[in-house]
Amino acid sequence: MDLSLSTETLGDRTVVRVGGEIDVYTAPKLREQLVELVNDGSYHLVVDMERVDFLDSTGLGVLVGGLKRVRAHEGSLRLVCNQERILKIFRITGLTKVFPIHTSVDEAVSATD
């Protein structure tokens, strides 16, 4: 399966909608998108993972790398996910303590840092 990416700006947040699988083969595409957004001055990102079917450790590494990039600019990276199988990965790895995880894009966009 491939990875689909789209972005939109909502207020001061940039929403990255991700679909498909984030794995060793597709993660570089997501990494490139996040790097490009930060380089273009988007420091408050929301990654919408509602349509993500699979996430592996490479994908987690890309998200952590994205978080480090935005934090270097006093930014934020929020995740949107309510799929139990994906949330379980964040719980097992302890990343629920690192990423703010929201149940909807609206909730993530309106959250304060």
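Predicted model: local features only at pLDDT ≥ 70, side-chain atom pairs only at ≥ 80, totals over all residues.
Visitor: How many residues has H2, and what span does it reach from its first C-alpha to its last?

Guide: H2 has 15 residues and reaches 21 Å, close to the 21 Å expected at 1.5 Å a residue.

Visitor: Which residues of H2 are buried, and why do they line one face of the helix?

Guide: An α-helix has 3.6 residues a turn, so residues three or four places apart point the same way. The buried residues of H2 are Gly59, Leu60, Val62, Leu63, Gly66, Leu67 and Val70. They line one face because, seen down the helix axis, they fall within an arc of 160°. Ser57 and Lys68, on the other side of H2, are exposed.

Visitor: What covers the buried residues of H2?

Guide: The cover includes S2, H1, S3, S4 and H3.

Visitor: Which members of the largest nonpolar core touch the most other members?

Guide: Nonpolar side chains tend to be buried together in soluble globular proteins. Here the largest nonpolar core has 27 residues, and Ile22, Leu30, Met49 and Phe90 touch the most other members. Elements giving two or more residues to this core include strand S2 (13–22), helix H1 (27–39) and helix H2 (57–71). Apart from this core lies another, of five residues, among them Val15, Val46, Val80 and Val105.

Visitor: With what is isoleucine 22 in contact, leaving aside its neighbours within four places in sequence?

Guide: The contacts of isoleucine 22 include Leu3, Leu30, Met49, Asp56 and Gly59.

Notes. Residues numbered from 1 in each chain as written. Heavy atoms only, no water. Core = buried A, V, L, I, M, F, W, Y, C linked by side-chain atoms within 4.5 Å. Buried < 20%, exposed > 50% of the residue type's maximum accessible area, 1.4 Å probe, protein only. Helix = DSSP H or I, 4+ residues; strand = E, 2+ residues; numbered from the N terminus. Contact = heavy atoms within 4.5 Å. Expected span 1.5 Å × (residues − 1). Arc of directions from axis to C-beta.
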